[in-house]
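Morning, everyone. Please bring the model up on your screens, and let's walk through it together.

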Amino acid sequence: MDLRVLFRPHRWKYVRKMDHPFGCVFCAAAENELSIDTLAIYKSKHTVILLNKYPYNSGHLLVVPKRHTGDYLGLSNEELLDLHGNVQRGIKALKDVYQPHGFNLGANLEKAAGAGLPDHLHFHIVPRYKGDLNFFPLIAETKVIPEAMDQCYAKLADYFRKLT
Ligand SMILES: [Zn+2]
């Protein structure tokens, strides 16, 4: 099923920049400076936190190992600990910045499970609010995001800058 997101037109320029016909968008986020171009907002030794290009809600984060791998079981203990430490960090950031009522947290491993980019692991953190639709993007064909991506990026990037 296609997840179509209704972006406001002024946001389109940011979205276009994320289209990398060659190469992996998560590797690009890992290898480059933090920037709205890659939507990367925080990096640690082995992990990058970025905004999802196709957010379900404002603040929909992806937590990604820097290494290009789709093999969750192949992560080293150090990578695993760093990755999940950043999942926790992402949840804390969203709690502080957006005060959501809950979260969906998860990953789709392999194409059969619905992974859009199965070759590079990514954990979703989706802030949820009372009155949201009942379940995750899987059932939402179309969703209007109330906040522009650039505003969301600015808020969260600012939050993470203060952490370091
Ligand atoms: Zn990659």
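Which residue in β4 is the bridge partner of Ile49? It is Val63. Hold on to that pair while I set the ground rules.

This is a predicted model, so local features need pLDDT of at least 70, side-chain atom pairs count only at pLDDT 80 or more, and totals for chains, interfaces and linings use all residues. Residues are numbered from 1 along each chain as its sequence is written, and side-chain values use heavy atoms, with hydrogens and water left out.

Now, confidence. pLDDT is the predictor's confidence in each residue, from 0 to 100. The chain averages 84. Of the residues, 78% score at least 70. Helix α1, residues 12-17, has the lowest confidence, with a mean of 42. Strand β4 has the highest, at 98. Over residues 7-20 the pLDDT is below 50. That stretch still has 28 contacts in the model beyond near neighbours in sequence. A contact means heavy atoms within 4.5 Å. Where pLDDT is low, the predicted coordinates should not be read in detail.

A word on names. Helices (H or I, at least four residues) and strands (E, at least two) are DSSP runs, numbered from the N terminus. Two strands pair if DSSP finds at least two bridges between them.

Back to the strands. β3 covers residues 47-51. Five bridges join β3 to β4, residues 61-65, and the two run antiparallel. β2, residues 40-43, is joined to β3 by three bridges, also antiparallel. In that pairing, Ala40 has Leu50 as its bridge partner. β2 and β3 form a hairpin, with three residues between them.

Is β3 buried or exposed? Buried means under 20% relative accessible area, exposed over 50%, and partly exposed in between, using a 1.4 Å probe and protein chains only. Five of the five residues of β3 are buried, so the strand is largely enclosed by the rest of the structure. Thr47, Ile49 and Leu51 point one way. Val48 and Leu50 point the other way.

Next, β6. Three bridges join β4 to β6, and they run antiparallel. Here Val63 comes back: it stands opposite Phe123 in β6. β5 is joined to β6 by five bridges, again antiparallel. Gly106 has His124 as its bridge partner in β6. Six of the six residues of β6 are buried, so this strand too is largely enclosed by the rest of the structure. Phe123, Ile125 and Pro127 point one way, and His124, Val126 and Arg128 the other.

What sits between these elements? In soluble globular proteins, nonpolar side chains tend to be buried together. A nonpolar core is a set of buried Ala, Val, Leu, Ile, Met, Phe, Trp, Tyr and Cys residues joined through side-chain atoms within 4.5 Å. The largest one here has 24 residues. Ile41, Leu51, Leu61 and Leu156 have the most contacts inside it. β2, β3, β4, α3 (77-98), β6 (123-128) and α4 (149-163) each supply at least two of its residues. The largest share, seven residues, comes from α4. Leu61 touches residues including Ile41, Leu51, Leu94, Phe123 and Leu156.

His68 is in the loop between β4 and α3, and His120 is in the loop between β5 (102-106) and β6, 52 residues apart. His68 counts as partly exposed because its relative accessibility is 44%. His120, at 1%, counts as buried.

One last residue. Leu117 lies in the loop between β5 and β6. At 38% relative accessibility, Leu117 counts as partly exposed. Leu117 and Cys24 are 93 residues apart along the chain, and their C-alpha atoms are separated by 8.6 Å. Among the residues that Leu117 touches are Val25 and Phe26.

Key. Lists of a residue's contacts leave out its neighbours within four places in sequence.
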